[in-house]
Amino acid sequence: MSSLISTDQFLAAAKHRRSVYALKDTSPVPDSRIEDIVKEVLSFAPSSYNTQSTRITLVLGEKHKQFWDIIIEQAEPILRGAGPGVWDSMGPRLQGFKNAYGSVVFWENGQSIKEASETHKSIAHMLPQWSEHTSAIHQILIWTALELEGFGANLQHMNAIPPVEAALKKFLDVPEDYSLKAHLNFGEEAQPHPEKPAKLPASETLKVVK
């Protein structure tokens, strides 16, 4: 069975993806199209032993603004106490994230991992790590797809600030056993699409054994 797209087309799409930080509060497509993209990725993205542990919250419109208000409220006192200049640097950046159109919030469902651990006891110790791989696959697929639709996006991990995760769980009404992994901010680009960053040569990063 031949593929509908070529390998080179797939790689070109993946290579187009960039971290875009200056974003507008506008969308080139209807909200229903964004939802369809997320649903499509959830319908086929792989997970170890088909645990299907990834859960996603799509946050749009005014709720996206409130989402970032909560993050800023929780982060500000901690970042102000982190040392001179930290909040002065980070505060405007967080406000910039608030200016985007929406967020795709990635969680991992603890109950799914627990059930898989009970079924597959011999590899139970690995399932939390493999769950991280599952989340990463969903993240890169959705990120790439949204960029192809005309969005810019950047991936954030504000759960690095401990109170943020608990506050977002309450705001988004998700179960306590969900674990926040990342959130993808997206909107139309307010800056030129970034160029490819410098990468190490393949001679340093690839070893072929045959």
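**View 1. Packing of the buried residues of helix 3 in the predicted model.** These residues pack against strand 1 (54–60), helix 4 (86–98), strand 2 (102–109), strand 3 (152–156), helix 7 (162–172) and strand 4 (178–187); contact means heavy atoms within 4.5 Å. The buried set (under 20% relative accessible area, 1.4 Å probe, protein chains only) consists of His-64, Lys-65, Phe-67, Trp-68, Ile-70, Ile-71, Ile-72, Ala-75 and Leu-79. Helices (H or I, at least four residues) and strands (E, at least two) are DSSP runs, numbered from the N terminus.

**View 2. The kink in helix 3.** Helix 3 (residues 62–80) has 19 residues and spans 27 Å from its first C-alpha to its last, close to the expected 27 Å (1.5 Å times one less than the number of residues). A kink of about 30° lies at Gln-74, shortly before Pro-77; the bend is the angle between axes fitted to the seven residues ending there and the seven starting there.

View 3. Leu-184 is buried, with a relative accessible area of 0%. Beyond neighbours within four places in sequence, its contacts include Val-104, Phe-106, Trp-143, Leu-146 and Leu-155. The C-alpha atoms of Leu-184 and Phe-106 are 8.1 Å apart, although 78 residues separate them along the chain.

**View 4. Leu-4, in the segment before helix 1 (7–16).** Leu-4 is exposed (over 50%), with a relative accessible area of 88%.

**Notes.** Residues are numbered from 1 along each chain as its sequence is written. Local features need pLDDT of at least 70, side-chain atom pairs count only at pLDDT 80 or more, totals for chains, interfaces and linings use all residues, and side-chain values use heavy atoms, leaving out hydrogens and water.
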